[in-house]
Each structure stands twice: as structure tokens, then as C-alpha cells.
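Let's take a walk through this one together. Have the sequence and the fold side by side as you read.

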Amino acid sequence: GQGPYGTCTASSGILYGMTSGGGADSLGCVFSINADGTGYKDLLDFNDTNGAEPEGTVLIFKNKIYGMAATGGANELGCIFSIDINGGGYKDLLDFNKKNGWEPLGTLIILGNKLYGTARYGGAFGAGCIFSLDTTGNGYTDLYDFNNMAGDAAHGPLTCASGILYG
């Protein structure tokens, strides 16, 4: 890989992360490495069809890695994906299509079995949105559309406190 964005996520002494470039197709990869710097593994190479150029931190939940690719996917507008922590079992959970956002950036968070994130562009006004999605890839909900008056270009991480999302 090349050009890591975000931070590494630790789970059971292993660090997981993504790069926005490099990998087999120069479109980024998901990797793991032991906390002592040994055991590097390239878990997934992005190839445009399965996403490209991710710019965030991966989320680990129930032995799965969840993340967003800023470009690529079925519509070339980015996607949300999951893979098993061993690198198998890739699943395309959502392909962005302008109406539901595009160029997802930042990091997903999880509350219960729902993923929450932001897309930099798209949504009802083209200025980005906040969304949720079940970990199965079902139940997409557009929670908020930026409209330039209330801000735009959503690409930072969300956090939740007392049931309220902040970003």
C-alpha cells in the first residue's frame, strides 16, 4: 500500500488500516500488521469494481472489517464494504449513486447493528449527507442533507453521545 489515511484500528494485538494508493492495482488496500511491526498482510486490494482510494479508518465489529472507499464501486462514486478479519468474505454493502451521496470520507461508527457515516457530496442538495446503514447492507437511511447554508462537504468523523450524532 501507499498513502495511509485515518488511523489503525487495534483488535487482539493486530492493527488494521487502509491506504489510498498502492496495492496490486494502485488503488489502495486494506492491511493488517501485528502491533510489534511483524506479520504484515495485504487483506484486500481495491480494483475499482470493489472500491478505490479509501480515505478513512476501518471499523472492526464481530470479526468483520467495515470501511468506505471514496471512489470506485458500481457507480464510480464510492462504496461501503465489509470483509472478514482474515481478508476473505468481501461484501459490497452499498454503492453510492449521487442521490444517496458520493465520495464517502472519514470513518464509519457503529451503534447497535447500524453503521453511520458521511458522504462529501450528493444527497438532496448535492452538498453531502449523513447516513445510516445496517451491517448487512440493508436499511439505508439518509439522516441529513447538507445544503450549503448549514455547511457542506461532510468528510469528518462522527461521534455519538447520549444518542446524538456530532460531526
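Start with the cysteines: searching the whole structure turns up zero disulfides (a disulfide being a pair of cysteine sulfur atoms within 2.5 Å). Cys 79 is in no disulfide, and its nearest cysteine sulfur, that of Cys 29, sits 15 Å away. Cys 79 is also buried, with a relative accessible area of 0%. Here, buried means under 20% relative accessible area, exposed means over 50%, and partly exposed is in between (1.4 Å probe, protein chains only). Cys 160 is likewise in no disulfide; the nearest cysteine sulfur belongs to Cys 129, 18 Å off. Cys 160 is partly exposed, at 28% relative accessible area.

A quick word on what you're looking at: this is a predicted model, where local features need pLDDT of at least 70, side-chain atom pairs count only at pLDDT 80 or more, and totals for chains, interfaces and linings use all residues. Residues are numbered from 1 along each chain as its sequence is written, and side-chain values use heavy atoms, leaving out hydrogens and water.

Now for the sheet. Four strands line up in the order E9-E10-E11-E12, forming an open sheet with antiparallel pairing. (Strands are DSSP runs of E, at least two residues, numbered from the N terminus; two of them pair if DSSP finds at least two bridges between them.) E9 (102-111) and E12 are the edge strands, each pairing on one side only. Moving across the sheet, E10 (residues 114-121) is joined to E11 by six antiparallel bridges, and Ala 119 stands opposite Cys 129 in E11. E11 (residues 129-134) then connects to E12 (residues 141-145) through four bridges, again antiparallel. There, Phe 131 stands opposite Asp 142 in E12. The E11 and E12 hairpin has six residues between the strands, and Gly 137 takes a positive phi near 95 degrees.

In soluble globular proteins, nonpolar side chains tend to be buried together.
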